[in-house]
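Here is a short report for a first look at this structure. Keep the sequence and the 3D view at hand while reading.

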Amino acid sequence: MAHGGDKSWEVFFPALGEYIVTPLQSTGLCIVGESEGQFFGVLWKFTLVYLLAVIMGISKALPKHEYDGIENGSSDWCTNGEQYKVLSNKEGIILAEKNYLPVDKRGNVNVLVVGRIWCW
């Protein structure tokens, strides 16, 4: 490293201690140009990095639409009478047309019923 580079650090650290306790005055000195252009030289780089981070964050937060129009998760629609392994098609507590929850069935009869009351 050049000897002039060492001198800049000797000036920087004492000035940092002085300017850090007066942030408004220090910012004003940077804006009026007493920082030899270093303020705006660093500001555009910081702004660029900040904008890239914001763009990456927004792109990660946007909805993915991976499961639009398909059934997802552990549930699936029953076909070919599979629901009658647990439900009955003749009697019990009515869940839907031709789907009844038997009241006398032993074992696991856990059934999730999702529905809506139509009032018109």
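## A first tour

Ile 31 lies in helix α2, which spans residues 23–32. This is a predicted model.

Which helix gives the patch its largest share? Helix α3, residues 38–61, supplies 8 residues.

Thr 27 has a relative accessible area of 36%, so it counts as partly exposed, the class between 20% and 50%. The C-alpha atom of Thr 27 is 8.7 Å from that of Phe 39. Along the chain, these two residues are 12 residues apart.

| Residue | Relative accessible area | Class |
|---|---|---|
| Thr 27 | 36% | partly exposed |

How many aromatic pairs does a search of the whole structure find? The search finds 1 aromatic pair. Phe 46 and Tyr 50 form this pair, and it is stacked. The ring centres are 6.3 Å apart, with 20 degrees between the planes. The angle explains the label, because planes under 30 degrees apart count as stacked. Both residues lie in helix α3. Phe 46 and Tyr 50 are 4 residues apart, about one turn of the helix. Are they buried or exposed? Phe 46 is exposed, and Tyr 50 is exposed too.

**The hairpin**

Strand β1 covers residues 93–96, and strand β2 covers residues 99–101. The strands run antiparallel and are joined by 3 bridges. Ala 96 stands opposite Asn 99 in β2. The hairpin of β1 and β2 has 2 residues between the strands. In this hairpin, Lys 98 takes a positive phi near 65 degrees.

**The whole chain**

The secondary structure comes to 3 helices and 2 strands. Along the sequence, the pattern reads α-α-α-β-β. The chain has 120 residues, and 7% of them count as buried. Among contacts with a separation of 6 or more, 4% come from residues 24 or more positions apart. The accessible surface of the chain is about 11,200 Å². Carbon and sulfur atoms account for 63% of that surface.

How values were computed. Residues numbered from 1 in each chain as written. Predicted model: local features only at pLDDT ≥ 70, side-chain atom pairs only at ≥ 80, totals over all residues. Heavy atoms only, no water. Buried < 20%, exposed > 50% of the residue type's maximum accessible area, 1.4 Å probe, protein only. Contact = heavy atoms within 4.5 Å. Areas by Shrake-Rupley, 256 points an atom, 1.4 Å probe, with all protein chains shown as cover. Phe/Tyr/Trp six-rings, centres within 6.5 Å; stacked < 30°, edge-to-face > 60°. Pairing = 2+ DSSP bridges.
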